[in-house]
Each structure stands twice: as structure tokens, then as C-alpha cells.
Amino acid sequence: LQMLEQQVVGGEQAQNKDLKEKQKRRKKYADERRLQLVAALQESNEDSSERALLNVYDSIQEEVRAKSKMLEKVQEKLRAAETEIKDLQLEFGLEKMDYLSTIRRQERDLMLCQQLLDQVQSLVRRDCNYSNLEKIRRESVWDEESGCWKIPEPVIKKTHLP
């Protein structure tokens, strides 16, 4: 009777050692997977725990629904990122145009100042230290505290004839 029970319990494959090993491996894998899911749920935030749980499904339709929801979320994030990129590119373009217009205006102002200096230099007395603009540029010093140039005082050199 015991021999018959051993043969009957487990069906035709009750004595098959390979089948028993395979069942033990499946059970061990299922236990490991369950422990991994529990650890992932404890350690991760809502999104990653959702991803960890998405790997366990009862049916293909459930898997499709879950992956569709995940796809919609990712597409929404993608659209938000694309919108942000476009906004940043537009803002960058506006700033670039503003910088370029500022540079052009400053170049025009610099040209005006240079032309004025060229015209006025010929009117400055030759015995004044301001008659030589290159010398004035060399002697000028930038003051960090006040944020402006310290230019030498104008001096007129009087020539005394004997």
C-alpha cells in the first residue's frame, strides 16, 4: 500500500528526480523574487516600486494595461521636457539677440568716442600731457572699488626761455 501511495502521490512522475529538482529550483526562484520585490518596495519611491511590481502579472491584458499606463506617463514626461527645451531655446534666442544688440550699440558708442577723441586731440595744446592719447592710456589705471578708470590729471608743461 505504501509503495502504491508513493507511486500515486505526485502522479506518474513521482519517482523522477529531475522533476523534483526542477520544482525545488522554481520554488527557490519564486522565494528569491518575492524577497527582491519586498526589498524594492521598502527601499524605493513610488515610481520605482511601481516598476518593480509591473513585472508580476496575472494576465497578458493586465500587463498590456500596466505597460500602456507606464508608456503614457513616459510620453507625458517627454512632452513636458520637449516643451521646457523649446522654452529654454526661445529664452536663449531672446537673450542672444539682446546681447548682440548691446554689443552693436557699444561698438557704435566706442566708434563715436574714438572719432571725438581723434577730432579733439588736434585741438589740445602741444605742451599738455593730454596731447598724446597713447601715453594717457598707458598711465590710466582701472580702480576696482569705484568701477572706473583713474586718469592722470592734465598738466601743462610750461617752457621757459632763457
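Which residue forms a salt bridge with Asp 127, and how far apart are the closest N and O atoms? The partner is Arg 125, with the closest N and O atoms 2.9 Å apart. A salt bridge here is a side-chain nitrogen of Lys or Arg within 4 Å of a carboxyl oxygen of Asp or Glu.

A quick word on the model: it is predicted, so local features need pLDDT of at least 70 and side-chain atom pairs count only at pLDDT 80 or more, while totals for chains, interfaces and linings use all residues. Residues are numbered from 1 along each chain as its sequence is written, and side-chain values use heavy atoms, with hydrogens and water left out.

**Salt bridges**

Searching the whole structure turns up 3 salt bridges:

| Asp 127 | Arg 125 | 2.9 Å |

Glu 134 and Arg 137 sit 3 residues apart, about one turn, in helix H5 (residues 133-139). Helices are DSSP runs (H or I, at least four residues), numbered from the N terminus.

How open are these side chains? Buried means under 20% relative accessible area, exposed over 50%, and partly exposed in between (1.4 Å probe, protein chains only). Glu 134 is partly exposed at 46%, and Arg 137 is partly exposed too, at 44%. Asp 127 comes in at 24%, so it is partly exposed.

**Surface patches**

Patches are built from residues with over 30% relative accessible area and no salt bridge, joining like charges within 9 Å and nonpolar side chains (Val, Leu, Ile, Met, Phe, Trp, Tyr) within 5 Å. A negative one is made up of Glu 84, Asp 87, Glu 91, Glu 95 and Asp 98. Asp 98 belongs to helix H4 (residues 60-121) and is partly exposed, at 46% relative accessibility.

**Cysteines**

What about disulfides, meaning pairs of cysteine sulfur atoms within 2.5 Å? The structure has 0 of them. Cys 128 is buried, at 11% relative accessible area, whereas Cys 148 is partly exposed, at 32%.

Key: Disulfide = S-S within 2.5 Å. Areas by Shrake-Rupley, 256 points an atom, 1.4 Å probe, with all protein chains shown as cover. Lys, Arg positive; Asp, Glu negative; His and termini not counted. Charge placed at Lys NZ, Arg CZ, Asp CG, Glu CD. Helix = DSSP H or I, 4+ residues; strand = E, 2+ residues; numbered from the N terminus.
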